[in-house]
Amino acid sequence: MSEAATATAQAPSTKKTVELVIERQDGPDGAPYKEEFVVDYVPGMNVIACLQAIQRNPVNKAGKPVAPVTWESNCLEEVCGACMMVINGRPRQACSALVDQLEQPIHLKPARTFPVVRDLVVDRSRMFEALKKVKAWIPIDGTYDLGPGPRMPEVDRQWAYELSRCFTCGACVEACPNVNDKTEFMGAFAISQARLFNAHPTGAMHRAERLEALMGPGGIQECGNAQNCVQVCPKGIPLTTSIAAMNRQVTYHAIGAWLKK
Ligand code: SF4
């Protein structure tokens, strides 16, 4: 080999890379373990792009072929909520987590408030159960044309729109110290959705039932006012304002029920 060729062969690679440490789990009952990966850097890439690179070439940092990392994603524009995971210690959407803005190695973990299905995929059923509990919907009478619905005053529509942006990602649940295996606390998002649907002229039909649900097991009384939820919500939903508003509604509802006795 010529001198120049030897020098080229020994020159350190100048290719920019991204280092990741991923907390993996092979199944719901498996033990968590950490695995390191290195992927090629692409300008503007997000965490999902890193996971896609690992999927294309599932080899860990030590060069050992491994099972591809499993994760969940869909819209890739912070609308569906599916790719919520813990990135460098903070629950957030992987699609909007840009590599350029993250410290490396990038640590990825599943949101362990929820049961882990595999690797970064979690089962968020408890959120949908909570939404069912607070009847987070507007009842309709059949599917035929009912004509225009009741109008909301603009001043209410504006804040209600903010609450309607919740996409059930679960970041607020993951960040809340009061959601754990010792409590049934439904989480700030469900309280906020109860406020949203109570404010709607038709949704108000179920107002009392929603308030009863918030007064029951796992209800608003289990909020410890840690206020982590509002810090991590990617939609900037005023969750603590919703909790305060629903505390008032629940209190008036309880006093009203007591006076009727
Ligand atoms: S309130 Fe915010 S953090 Fe919580 S589930 Fe909805 S969008 Fe996600």
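**Salt bridges and their surroundings**

Modeller: Happy to! Let's start with Lys61, which has a relative accessible area of 43% and so counts as partly exposed. Please keep in mind that this is a predicted model. Twelve salt bridges are counted in it, and Lys61 takes part in one of them, pairing with Glu19 at 3.2 Å between the closest N and O atoms. Glu19 belongs to strand 1 (residues 17–24), whereas Lys61 is in the loop between helix 2 (47–56) and strand 3, so this pair ties together parts 42 residues apart in sequence. Glu19 is also partly exposed, with a relative accessibility of 28%.

Glu23 and Arg112 meet through their side chains in a salt bridge, with 2.6 Å from N to O. Because Glu23 lies in strand 1 and Arg112 in the loop between strand 5 and strand 6 (116–118), the pair ties together parts that are 89 residues apart in sequence. Arg112, at 36%, is partly exposed.

Now for Lys135, which sits in the loop between helix 3 and helix 4. Its salt bridge is with Glu209, where the closest N and O atoms are 3.5 Å apart. This pair links distant parts of the chain, as Glu209 is in helix 7, 74 residues from Lys135. Both partners are partly exposed: Glu209 has a relative accessible area of 39%, and Lys135 has 23%. Some salt bridges also share partners, and in this way Arg24, Glu35, Arg118 and Asp119 are joined into one network.

The backbone of Lys135 deserves a glance too. Most residues other than glycine have a negative phi, and most peptide bonds are trans. Lys135, however, has a positive phi, near 45 degrees. Asn88 also has a positive phi, near 50 degrees, and lies in the loop between strand 3 (84–87) and strand 4. As for the peptide bonds, the one from Gln104 to Pro105 is cis, with omega near -5 degrees. Pro105 is in the loop between strand 4 (90–93) and strand 5 (106–109).

To place the pairs in the whole protein, the domain assignment is handy: domain 1 covers 14–122 and domain 2 covers 125–259. The contact between them draws on 13 residues from domain 1 and 14 residues from domain 2.

Finally, helix 7, which carries Glu209, is one of the helices that the buried residues of helix 6 pack against. Others among them are helix 3 (125–133), helix 4 (154–164) and helix 9 (239–259). Helix 6 is largely enclosed by the rest of the structure, because eleven of its twelve residues are buried. Phe189 is one of those buried residues, and Phe189 is among the residues in contact with Thr168, along with Arg124, Met127, Phe128 and Leu131. Thr168 is in the loop between helix 4 and helix 5 and is itself buried, with a relative accessible area of 13%.

Notes: Residues are numbered from 1 along each chain as its sequence is written. This is a predicted model: local features need pLDDT of at least 70, side-chain atom pairs count only at pLDDT 80 or more; totals for chains, interfaces and linings use all residues. Side-chain values use heavy atoms; hydrogens and water are left out. Buried means under 20% relative accessible area, exposed over 50%, partly exposed in between (1.4 Å probe, protein chains only). Helices (H or I, at least four residues) and strands (E, at least two) are DSSP runs, numbered from the N terminus. Contact means heavy atoms within 4.5 Å. Domain bounds come from an automatic or database domain assignment. A salt bridge is a side-chain nitrogen of Lys or Arg within 4 Å of a carboxyl oxygen of Asp or Glu. Lists of a residue's contacts leave out its neighbours within four places in sequence.
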